[in-house]
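Hi everyone, thanks for coming.

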Amino acid sequence: MDILLSQLFTGLSIGSVLLLVALGLAIIYGAMGVINLAHGEFVMLGAYATWLLQSTLGLSLLPCLFLVFLMVAAAGWAVERTVVRFLYRRPLDTILATWGVGIMLQQAVRLAAGADLRYVETPNPLSGSIDLAGVAIPSYRLFVLAFAAALLGVTWFVVQRTEFGMKLRAVTQNREMASCTGIDSARVFSLTFAFGSGLAGLAGALVAPIKSVAPDMGTNFVVDAFMVVVVGGVGSLFGTVASSGLLGGGTAGFAFLLNDTLAKALVFLGVIVLVRFRPQGLFAATGRR
Amino acid sequence: MTLTRRHFLKSAAIAGAAGTAASPQFWIKNSGMAWAAGKEIKVGVLFSLTGTTAVVEKSLHNATLMAIDEINASGGINGMKVVPVIEDPASDPATFAEKANKLVLNDRCATVFGSYTSASRKAVLPVFEKRKNLYWYPTLYEGRECSKSVIYTGAVPNQQQKEFIPWLVRNFGKRFYLVGSNYIYPKEENNVCKILLKELGGEVVGEEYVPLGHSEFGSVLNKFRETKPDVIFSTVVGDSVIALHKQYKAAGFSPDRMPMASLTTSEVEIAAMGGEYAAGHFTSAPYFMGHESAENAAFIEGYQRRFGKDSVTHFVSEAAYFQVHLFRQAVEKLGTGDITPTNIRDAAGGQEIKAPQGRVKVDADTLHCYLWPKIGQAQANGQFKVIQQSADWVKPEPYWAYPGLSCTRDGLKGA
Amino acid sequence: MPRITSAAQFLPYILFCGAILAVPSIVSDPFLLNKFARYLALGLAAAALALSWGYCGILNLGQGVGFGLGAYAMAMHLKLKTSPVHTGTAGLPDFMVWNNLDHLPWFWQPFHSGLFALAAAVLLPALVAALLGWFMFRARIAGVYVAIITLAMLAVTNLLFVDQQAYTGGLNGITDLAWFEMGGVEFDPYSPAFYYLSAGCLAFFLMLGMVFTRSKAGLVLRAIGSGTDRVLFFGYDMASYQCLAFSLSASMAGVAGMLYAMVLEFASPTFMGVPISLSMVIWAAVGGRGSLLGATVGAILVNGTQGSLSETFLDSWQLILGALFILVVVFLPNGIAGLANSLGARLSGRARGMAARSAAPSALLNRR
Amino acid sequence: MSYLELHGLEVSFDGFKAVNGLDLSVERGELRCLLGANGAGKSTTLDLICGRTQPTGGRILLDEHDITYDPEYRRARRGVGRKFQVPSVFKELSVRENLEIARSRHPEPWCTLRAFPGRRLSPRVAEVVEIVGLEDALDTRAGHLSHGQTQWLEIAMLLVQDSALILMDEPTAGMTIQETGKTSAIFQRLRGRHTLIVVEHDMGFVREIAETITVLHQGRRLSEGPIRVIENDPKVREAYLGSGGISHA
């Protein structure tokens, strides 16, 4: 029983990390059709930004978050302005260009911050574990879970309830039409990309204390995040949540029953089958082709 | 330190986009050239500066160059300057093979220092064996290799485990959980561990391998919770070490009751996770930064002067450092005309040197090194406290677990 | 791209094949021959990708599967040919001994034959691709979903090869290989003989690919590649055509992988990794995805550049490489081949405004 | 039994029944017009016949074969040809190559692999090219054709394909009066040799070509008969009252 509970929590915490990382990607891909292979590098930038703030200003993790969001969003904005905006008519080419961006970011960070692994402190009150029905649950993972949920709420609010979100949805539906109604679609896309990158940065800041901070840490995230977004259904936030839960839970469950290697393989196989039978994603409307 | 080389290449490879064939230097046939010419001896330095394993390999690269610097500063080898030819194999086995080829065939290096992972060593091996060149490999590894083209300066399983496992059983108990990354090194170490445990009447309660780069240990931790072992025997490598330690502590496990005993956790990984997460866990290795000796003090001082005050040395970078000095001693024994990779190898057999860990010797039969295994306990400040050192240096036995086989001067001898 | 004339289309291919076959008469340095042979193998891999991606719109991010299978098929054979120096146990590859196997697994047995290994390197990737292709294309999976499925397939294959250490050598792969021998010729990877093998394979597949794309089937594939399912309404079974291109491409990648394993003298799971598969996409994009020759040249150029950049700029070569990719993708959507085509078109006065606006065929993403 | 029969055909998109129990039969060689307001289910009916959309109920019989669940390409091989509302040609290919693809008597890969299209047009294709007036544009990329030319190219492709049953979705959309006249001339030639089902809004054109008209309303057949009967059918008038009568539908 204990094991079941703590296994459930393990699944949830893997899922919450997936969700954190995938959220920004979902926004960028869902709204702009841009397949951002440099997304993992934005996660990495977030982790490094946190490390920088912590080691130079001595800030603790929580006060860092807002700054990290802004810093990485600015980096994302710069990438959109200099590279991505040339490619809106050629979405598949964004895979190639953003891959180039990713290599550059990785090496730039390696040169600037050194090749060593860096380390981000867990905020003190969150470093222990709390007892829940006889199971020790790491408080930081709980915090990450809550934060992911909050971030989801914020994102939903931004997309559904703000003027910016309305413009974004308009541009997503039909860029030309939206432009005709006076929406500055270029600006909307820049901001969207910046927002998505900022979310990736937050993910980086939050995973840094659980994992290690290294220039190539992002490559492990991007494939998983991409799978989460596609399995969930493009443009569906709810789908993204569900698929992070599904993939996280699947990974944890199989890993416990079998081992981590087979778990990963089985989850990927699951993705293949899911995409094959529901290419529109778990939660997208069926319609006339 | 790379000035000469940069100079040479500026003219050669500026051709850039046109790539290879365009640059005239590539067409020079240099197969007739001697291994050491014009008061210079070229050596290859083959550690990844980019890619996944750059994290560790950069420090090996640094240690190697530092040793070369020291040798040149003290007048070189018999008056010859050691010229490092640096390549970046980018953490990719295929690139390792490619660059090794270039160092051996094109640059005519008399020897190459390189590699961290087993996979990259395996990838370059055919180049050195078929071209009769010499490779110096500083990493601890799984043993079971008897190549006559490689000098191994890292530990093999018998050196790390023979004293460690009994010590663990004595102090913590007989129930071990084995967790490692999913490749040959952890599996082989675990083979040895199981043999030792069996002799001691111990028990393996679980054995688990995680993919390389794995960072979610929740399920593994739950298995620990379920099986309640006395010791977690870890051969997890790379970033995973950090994730494992952090999540281990966060899940409420404590080293007092259930310590992790590792063969792979070094000062590098601890620096990247923060000392508090490692504190209390154990590692067995021939070298710790906290080891007290005059040689080590000088090594650390020189390293930190060059690469920053907060940089750390560890059991692989120490080997990367002293193996270059072993190389110097071997070459010193040879006349200028006799310098060939094979002769360097033969001269290296039996060489002794005072390394930071203590006096080490190249075993002429196996080309592995006699080393000084130590057991260290990680402290909150990121250093290891050496709590036990072997009474004497320990002979390398790459086939320890396979009694029928032994590595000799003429290669592997079966029973 | 409008066809000019068939003869003019074949000319660059013939020139290129002639050029690569003439190399050993100028270069005799074994190191260079080995290096060029390796580039040619990678060129073949890029041409394979151009066949499925450029012609047929199948963006295969898992090209490493075919490449890796080809490499392992050959490596298995070459491993069995070595005398097991490191173990002393006759007849068993060293890593199997390390993993405590006591007899050769049944699926290793046939690899004693070089002919079987060759056939396996060609057919096994095709078979796997045909099965996966049948699974995907029957359901009309296209565009980015193909990319995802092939990527996941790559990840699964890679994990299984790393995991099944006793049969595949795990992370280290299959190392310490013998030289390939066929018809009394020994293919030392540093010899002109091996170079000819590599160049010959590339020339053969370029010509085969050229003929294939000029056939009516090739035309149908290009029609499919332009991103519509319109061909269905003319009676063409789209899925069969896609499977055909996908399998042929995998087969070519298999041969490329086979050569790669021979030239490097080992096979590693990194051959079926994400980085190399994405690299192949980059090579094809740089050279020109719409042209087999362009993609080949792209692979050779990128690898050559990468090699010399990494020697000259130890610290910053990846920065330069990344920037180059971005520039090519943004400003040369059809790669070097596209540039050459539009230049050629301008020179011969056939421009008629096509050259300037030769937008990339990429309405794929918006299909569903 | 008629050449084409639809029995109780049904399809729903997220609960919306675009076609709802449609019965229709068309004789061999007939030219049938489908009329109806936007959303009446005309294009969807064509989609169902050619296989682009799978029905959720009912049956489709072509020449006594049940093709309800056949994939598109198999129906095409049975002789169903389709022209789409938005002209659908291969934009990346030249006009010549488009026509070559339409020449699809042997569409299996093992046949097309052995075929190497040359530059010479077959007599049949040359004739069609002349009819539609694309002789000078043979090497132009289809993406660079004008809208009208694209329409003609797609029609030419259908002629080359030579299907027994041709489904036309608004063939005259965007055409000038002269072009519409030419199209109706082509239709007159096709009549009898081919079976045609045409969705069209241009009532002038419909009057010129149609024998029998089927009016669809909310996914069902509302009325059927010659043009005069339809125009005077009170049900049709009622259904079209909102949109100002049939001639503007």
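This is a predicted model: local features need pLDDT of at least 70, side-chain atom pairs count only at pLDDT 80 or more; totals for chains, interfaces and linings use all residues.

Glu224(D) itself sits in strand S10 of chain D, which covers residues 220–225. Is Glu224(D) buried, exposed or partly exposed? With 17 other C-beta atoms within 10 Å, Glu224(D) is partly exposed. For a sense of distance, take Thr140(D), 84 residues away from Glu224(D) along the chain. The C-alpha atoms of Glu224(D) and Thr140(D) are separated by 43 Å.

Now let's go over to chain A and look at a helix pair. Helix H1 of chain A spans residues 2–32, and helix H10 of chain A spans residues 237–257. Their axes come within 7 Å and cross at roughly 140 degrees. H1(A) and H10(A) are therefore oblique to each other, and H1(A) passes H10(A) in a right-handed crossing. Who meets whom here? On the H1(A) side, the residues include Gly11(A), Gly15(A), Leu18(A) and Ala22(A). On the H10(A) side, Gly245(A), Gly248(A), Gly249(A) and Ala252(A) are among them. By class, the contact of H1(A) with H10(A) has twelve nonpolar residues, eleven polar and no charged.

Chain C gives us another helix pair. Here the axes of helix H9 (residues 216–225) and helix H10 (residues 238–264) of chain C come within 10 Å, crossing at roughly 105 degrees. That makes H9(C) roughly perpendicular to H10(C). From H9(C), Ala217(C), Val220(C), Leu221(C) and Ile224(C) take part, and they meet Met238(C), Tyr241(C), Gln242(C) and Ala245(C) in H10(C). In this contact of H9(C) with H10(C) we find seven nonpolar residues, one polar and no charged.

Next, how do the chains meet? On the one side, 39 residues of chain C are in contact with 34 residues of chain A. The elements of chain C that each supply at least two residues to that side are helices H5 (114–137), H6 (144–163), H11 (274–287) and H13 (317–331). Which helix gives the largest share? That is H6(C), with twelve residues. The side of chain C that touches chain A has 32 nonpolar, four polar and three charged residues.

Chain A also meets chain B, in a contact that takes 34 residues from chain B and 32 residues from chain A. On the chain B side, the elements giving two or more residues are H2, strand S8 (203–210), and helices H8 (218–227), H9 (239–250) and H10 (267–273). The classes on that side of chain B come out as 13 nonpolar, 13 polar and eight charged.

Let me finish inside chain B. Its domain assignment gives domain 1 (3–17 + 28–155 + 295–372) and domain 2 (158–285 + 375–404). The C-alpha centres of these two domains of chain B lie 29 Å apart, and 25 residues of domain 1 are in contact with 22 residues of domain 2. On the domain 1 side, helix H2 (54–73), strand S13 (358–362) and strand S14 (369–370) of chain B each supply at least two residues. S13(B) gives the most to that side, with three residues. The residues there divide into twelve nonpolar, eight polar and five charged.

Technical notes: Residues are numbered from 1 along each chain as its sequence is written. Chains are lettered from A and ligands numbered from 1 in the order in which they are written. Domain bounds come from an automatic or database domain assignment. Two residues are in contact if their C-beta atoms, placed from the backbone, lie within 7 Å. Helices (H or I, at least four residues) and strands (E, at least two) are DSSP runs, numbered from the N terminus. Ala, Val, Leu, Ile, Met, Phe, Trp, Tyr, Cys and Pro count as nonpolar, Asp, Glu, Lys and Arg as charged, and the others, Gly among them, as polar. A residue is buried if 20 or more other C-beta atoms lie within 10 Å of its own, exposed if 12 or fewer, and partly exposed in between; C-beta atoms are placed from the backbone. Axes are lines fitted to C-alpha atoms, for helices over the stretch in contact, and angles run from 0 to 180 degrees between N-to-C directions. Angles under 35 degrees count as roughly parallel, over 145 as roughly antiparallel, 65 to 115 as roughly perpendicular and the rest as oblique. A crossing is left-handed if the near helix is turned anticlockwise from the far one by less than a right angle, and right-handed if clockwise.
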